[in-house]
Amino acid sequence: MTKPYQISKHLVWKAYQQVKANGGAAGVDRQSLQAFEAKLKDNLYKIWNRLSSGSYFPPPVRGVGIPKKSGGMRMPGVSTVADRVAQSVVKMVLEPILEPVFHEDSYGYRPGRSAHDAIAVVRKRNWEYDWVLEFDIKGLFDNIDHELLMRALRKHCQTPWVLLYVERWLKAPIETPEGELIERTKGTLCANSRCRL
């Protein structure tokens, strides 16, 4: 039986290897990477089958409250191991499409670029220019408009299953530390160097 979306099992395997290399905490299902690996073949097959058939729906994201220096809390999300594998599948397809579109001076969440690379460029330019312009967009990840993001993505990517799953990840609820599910209508969930839609 043919699946609606052609996603190779090898791609799912490579995605799992990336997730394993990154490590990370358990999501809402409390399943560790080690527990996921106990039934690795079955778990990877299930992810592949659901992604290929269009029936993959991301589980809620476990919100982890982190105090802000300025007061208040930020709530980055921790995805389940299986969801991180599925996200990595999409990332491996999407990244080569979007990477050429980014500005040369963009460093955040880019492959082969780090904060140290950005600092090196700033240091070099300090000798070339007499002025510095610094800005921060307050609450950027908390306020990204889902429709605008999807419109921008559709401009560069026409792969139906990638668009389908990105939109589902954007809408996946977050589970607070108290167990409350919060629906999301805007924003993305980001933690450390990994970004979760």
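The notes below cover a pair of packed helices and then some salt bridges.

This is a predicted model, in which local features need pLDDT of at least 70, side-chain atom pairs count only at pLDDT 80 or more, and totals for chains, interfaces and linings use all residues. Residues are numbered from 1 along each chain as its sequence is written, and side-chain values use heavy atoms, with hydrogens and water left out.

**Helix packing**

- Helix 4 (residues 81-98) packs with helix 8 (residues 160-171) at an angle of about 135°, their axes being 10 Å apart.
- That makes helix 4 oblique to helix 8, since angles under 35 degrees count as roughly parallel, over 145 as roughly antiparallel, 65 to 115 as roughly perpendicular and the rest as oblique.
- Residues of helix 4, among them Val90 and Leu94, meet residues of helix 8 that include Trp161 and Trp169, where contact means heavy atoms within 4.5 Å.

**Salt bridges**

- A search of the whole structure finds seven salt bridges, each a side-chain nitrogen of Lys or Arg within 4 Å of a carboxyl oxygen of Asp or Glu.
- Lys171 forms a salt bridge with Glu167, with the closest N and O atoms 3.6 Å apart, and both residues lie in helix 8, four residues apart, about one turn of the helix.

Conventions: Axes are lines fitted to C-alpha atoms, for helices over the stretch in contact, and angles run from 0 to 180 degrees between N-to-C directions. Helices (H or I, at least four residues) and strands (E, at least two) are DSSP runs, numbered from the N terminus.
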